[in-house]
Amino acid sequence: MAQNKYWISFKSKSAKNFDPYSFFDPKTIENRKISGLPLTDWYDLPVDMDNIKIVTALSDSIGNSSRWLNGIAVFSSPNRIERISKLPFVKEIELMNNYGKPATITKEKPDTVNKERKVHDQIDGLEGDQLAAHGLSGKGIRIAVLDVGFINADKHPAFKYLRDHEGIKMTYDFLHKKTNVFNYGAHGTAVLSCIAGKYEGYRMGLAPDAEFLLARTEREGSEFIDEEDAWVAAAEWAEQHGAQMISSSLGYTYQRYFYKDMNGHTSIVSRGASLAARKGILICNAAGNEGVDQWKFIITPADCDSVLTVGGYDPTTGYHIGFSSFGPTPDKRLKPNVIASGRAWVATPKSFGYEEGTSFSTPLMTGFVACVWQWMRNKSNMEIFHTVESMGSLYPYYDYAHGYGIPKASYLFNKHTANDTAFTLYLEDNKVMVSIATSYFKDTANAKGKMKDIETEVSISIPNDVSIKQTKSYLKNKYLYAKIIDPEGNIKMYDVIKVDSQRFELNTFTKYLYEERQLFPWDADNNARYPNDWTVKVFFDNCIRTYKF
Amino acid sequence: MFSVTKGQQVMMEEKPDQGVNTKFGPNQKYFIQFTLGAGSLIGTGNSKLSINDIRSNDFNAGFKFKRKVSGLFSIWLQPEFHYAAFNINQSDSKSLTDSLFGGNTHIKHQNERFATEALALNVFVRINFDPNRGNFLGYYLDLGARGDLNIGREYLIVDNKPDGSVATTNYTGVPYMNTLGYNAFAKIGINWLAVTFNYRLSSLFKSQYNFPEPPVYTVGLEINPYSH
């Protein structure tokens, strides 16, 4: 008889006496007091052992149980499940058999760059030096990292500092039910290095002084895996042992779900993640690497609204890196929330190397968030969540590729000031126009008869009787972000545009509104009329302009 | 460089609504994918027409079109190009084909084979073992039938000459092979990879010629790549 994996939810719990002081790590008690959360609630009560015993007897084998979800994973045949479903204490049975995967692509690349330069982009993008300058390094923050394995992390030179100050507090393998996690997979090793690793004395992540709980919840390299219950069990274990944060570069997509299921409450992991957030934990999860695949959108549990979903940007350009999954959720919620470098220098099993993926954007962000929380220790997880969003380079502008942009450490110490004079936005001859401030362009003197091409810097001869005024822009790596929003507030189209002239038309927007949408009738004079309440919003260099039709 | 107003370089553009396709996909209502297969005959036939099954291969390339009925069932059409070769063992007892040309029926060649090139249409039902799967193909059993229009019907012999040259004689459009053929098949698949079992229901040769038939079973592999 074919055997499947099922999640069995129970109706109630019978436990009456629960002592949080003996069950939880003292740090958990401290975290709950700081966050203003009750020391005990219904979700903390254990699952009834009698229920587990009866279900176990009717199953072929069991997986992980969950206090938060009041249930257990079992392996069973359809006949036996039929019998289990008739038990009076069973509320619901869901078929599992889903397959997760780490959000990583590509292999090691050769080492061709100088040492400091290797880690520069992943740290500098978040202005990590400013965090270090203020003494912020994640101290006092306990982070649980859920992954496929942490091979060689107990010996690798990248973690010598971590080992020396005993930063790894606890480990557990939820698949094999043992404490050793330093085997099986290297993905977690690379991820951990992006939080707490050091390369030749240079920081690879932003929280080397944080404390860590390492959990193995995934098998790597096999399609025959089903670990949502292990993820939830690890989240509960992390919370029980004082974790304030979870870093998860894992997710689930097409093998079990459709895009319509990415709603924050369908998958078991998203339900577990929501409960973890309710317990005061701030989860950073990878958005996924489906951006160029048919799936395209975010994975779960990144779909959960209380999970800080981290997308990736290209460190050479500063905007979205192609593979990073897009938002929104099916119910149009903003995702991802923020972005970090999608390419990082990481610890590999035997050495170091570059890797790409939102797997590494996530731990970079985890370290950043840990520093923010160290700075604002009395804030709750969701307050820190929204603070990090407000530190985004695009904030309050957002789109479904960048979220609120790259959080900048400087915004933690200095107010995020708007630049009201960077550009203007207006309608002219039925065209949506942008005019960049002249201060971004500067005249340069030319030698008579010669000039230098701005782009190539090659000297060009010009006739003596021709007068040329050449301008040089200061627009390197400054991109313009623009979007069209319908009356319901949904983004219908969004662009990233490279600015290379002072005044220009957003011609793709004009085309969209004018031709593709065919939204507006012509008036008596045969002029186009734009639809009411549609909005164009543009961001450039800390300036936001809105034009409402 | 000197222009004040011009179109800009759009580095990235997205329209969120266009990314959501709820009707097309591996486990959606419709799906199309490319397919490529190869197989080999099973069995050697009889003494009059002894087949070298290892060298008797078939290849197919085409597309699959799906219409989902439920999580459990779907209906597929698969038009394809199908090539099948029946390689003849050069045994003392073989008795076919040379007799057609008045020659010695036991002449041994370097290589001798029949081949068909067909425009084929497969129609099958797919049974998925995980009806609750997400948006991917999953594990399945296909049961169906294939009709062939043999646009190419060939008989080929290759002989090594005493002077070291190689003589290849290719007879095309041979009249003793059937133009139409039909088969039944089953495939067991895991996502993009399937093992195929084919049973040739029709005769390769026209009945009036009384030729012995080659083996009817073929086993093979099929790959059906697609992006998630």
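In which sense, left-handed or right-handed, does H11(A) pass H12(A)?

Reply: The model is a predicted one, and the description below should be read accordingly. H11(A) passes H12(A) in a right-handed crossing. On the side of H11(A), the contact is made by A:Val369, A:Val372 and A:Trp373; H12(A) contributes A:Ile384, A:Thr387 and A:Val388. Sorted by class, the residues of this contact are five nonpolar and one polar, with no charged residues. Helix H11 of chain A spans residues 358–375, and helix H12 of chain A covers residues 381–390. Their axes lie 10 Å apart, and the two helices pack at an angle of about 115°.

H11(A) also packs against another helix of chain A, H8, which comprises residues 187–196. Here the angle is about 35°, and the axes are 7 Å apart. The crossing of H8(A) and H11(A) is likewise right-handed. From H8(A), the contact involves A:His187, A:Ala190, A:Val191, A:Cys194 and A:Ile195. Facing them from H11(A) are A:Ser359, A:Phe360, A:Pro363, A:Leu364, A:Thr366 and A:Gly367. This contact of H8(A) with H11(A) holds seven nonpolar and four polar residues, and again no charged ones.

Taken together, H11(A) meets H12(A) through residues including A:Val369 and A:Trp373, whereas its contact with H8(A) uses residues including A:Phe360 and A:Leu364.

Note on methods: Residues are numbered from 1 along each chain as its sequence is written. Chains are lettered from A and ligands numbered from 1 in the order in which they are written. This is a predicted model: local features need pLDDT of at least 70, side-chain atom pairs count only at pLDDT 80 or more; totals for chains, interfaces and linings use all residues. Axes are lines fitted to C-alpha atoms, for helices over the stretch in contact, and angles run from 0 to 180 degrees between N-to-C directions. Helices (H or I, at least four residues) and strands (E, at least two) are DSSP runs, numbered from the N terminus. A crossing is left-handed if the near helix is turned anticlockwise from the far one by less than a right angle, and right-handed if clockwise. Two residues are in contact if their C-beta atoms, placed from the backbone, lie within 7 Å. Ala, Val, Leu, Ile, Met, Phe, Trp, Tyr, Cys and Pro count as nonpolar, Asp, Glu, Lys and Arg as charged, and the others, Gly among them, as polar.
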